Structures are given as C-alpha cells and as structure tokens.
Amino acid sequence: MALTTPILYTVNAFDATQKQVFNFSILGGNQVTANTLTIKNNATLSTVYSATQTTFKFEHILPANTLTNGTYYQATLTTKDAQGNISNASAPIQFYCYSQPSFEISNMPTGNIVTNSSYAFAVTY
C-alpha cells in the first residue's frame, strides 16, 4: 500500500491571535504518522508557515500568533507514514484571518432593566 493524497477541509475565517485546528482526511493507504501543513500568502505566494507534527490524529494545530490578521492565505497538507514516505500535497484551500469582532449594547437603560415590552437596542460593532 502507499499513501493517498489527503483532503484538507476548508476553514472559516479566524483570528490569527488564536490557535487554529486544520482537519483533514485520507481514503485508504498506509497509516499516517505525521503531517506537514504549508501556508502561503495568497497574494505573494511566499511561504509563511511550514511545519511537521507527529501525530496519528487527522489534524494539524496552527499555533496562535503565527499568521497576521487582515491577510488572505492558502494552505496545503502532506502526510507521512512510518517508513518515511510522503504523500502528494492536498488541493489548496484558501482562507482569511481577521481580528475577532466585538459587540456592545451602547444604550442600556438605567439599571440595565427594560421596563417596556419592547426596546430599541443600539449595538456598537
């Protein structure tokens, strides 16, 4: 048997100051013992992250503060078996990193008690 090409699942936009888990799957082939995630800046195609993690889990954990918010990236993943064989790279996925939004109700009534059956809240984003 040989390694099959992994399928890297899409990720939603996330805050680069938080860790992010990249999940993938494989269909058949040898037992996966490690994986390498490679992330490139989508505009320049320069590699900004490439690391191997030794694990039997079908995931790669990107540490917090590795990427920059406000940037568009693409990622690919390869897998490795116990004999050192390396799979073909997955199809690339693309994603954004954005800072986490904050919301605040800016017109709360005195004492934070709504005394009517309806109230027009104002939210600051």
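Which residue in S4 is the bridge partner of Thr38? I looked it up in this model, which is predicted. The partner is Ser50.

**Entry: the hairpin**

Strand S3 covers residues 34-41 and strand S4 covers residues 47-54. They run antiparallel, and 7 bridges join them. S3 and S4 form a hairpin, with 5 residues between them. In the turn I found Leu45, which has a positive phi of about 60°.

**Entry: the open sheet**

Next I looked up a sheet. I found 3 strands in an open sheet, in the order S1-S2-S5, with antiparallel pairing. S1 (7-8) and S5 are the edge strands, as each pairs on one side only. I noted that strands of a sheet pair through backbone hydrogen bonds. Between S2 (residues 20-25) and S5 I found 4 bridges. Val21 stands opposite Ile61 in S5.

**Entry: Glu59**

I stayed with S5, which spans residues 59-62 and includes Glu59. Is Glu59 buried or exposed? Glu59 is buried, yet it has no salt bridge. The nearest side chain of opposite charge is Lys57, 4.0 Å away. I also listed contacts, leaving aside neighbours within four places in sequence. Glu59 touches Val21, Phe22, Asn23, Phe24, Asn35 and Gln53.

**Entry: the surface patch**

A nonpolar patch of about 820 Å² includes Phe103, Ile105, Met108 and Val114. Phe103 sits in the loop between strand S7 (93-97) and strand S8 (104-105). Why does Phe103 count as exposed? Its relative accessible area is 58%, and exposed means over 50%.

Definitions and conventions:
Residues numbered from 1 in each chain as written. Predicted model: local features only at pLDDT ≥ 70, side-chain atom pairs only at ≥ 80, totals over all residues. Heavy atoms only, no water. Helix = DSSP H or I, 4+ residues; strand = E, 2+ residues; numbered from the N terminus. Buried < 20%, exposed > 50% of the residue type's maximum accessible area, 1.4 Å probe, protein only. Lys, Arg positive; Asp, Glu negative; His and termini not counted. Contact = heavy atoms within 4.5 Å. Pairing = 2+ DSSP bridges. Patch = residues over 30% accessible without salt bridge, like charges linked within 9 Å, V, L, I, M, F, W, Y side chains within 5 Å. Areas by Shrake-Rupley, 256 points an atom, 1.4 Å probe, with all protein chains shown as cover.
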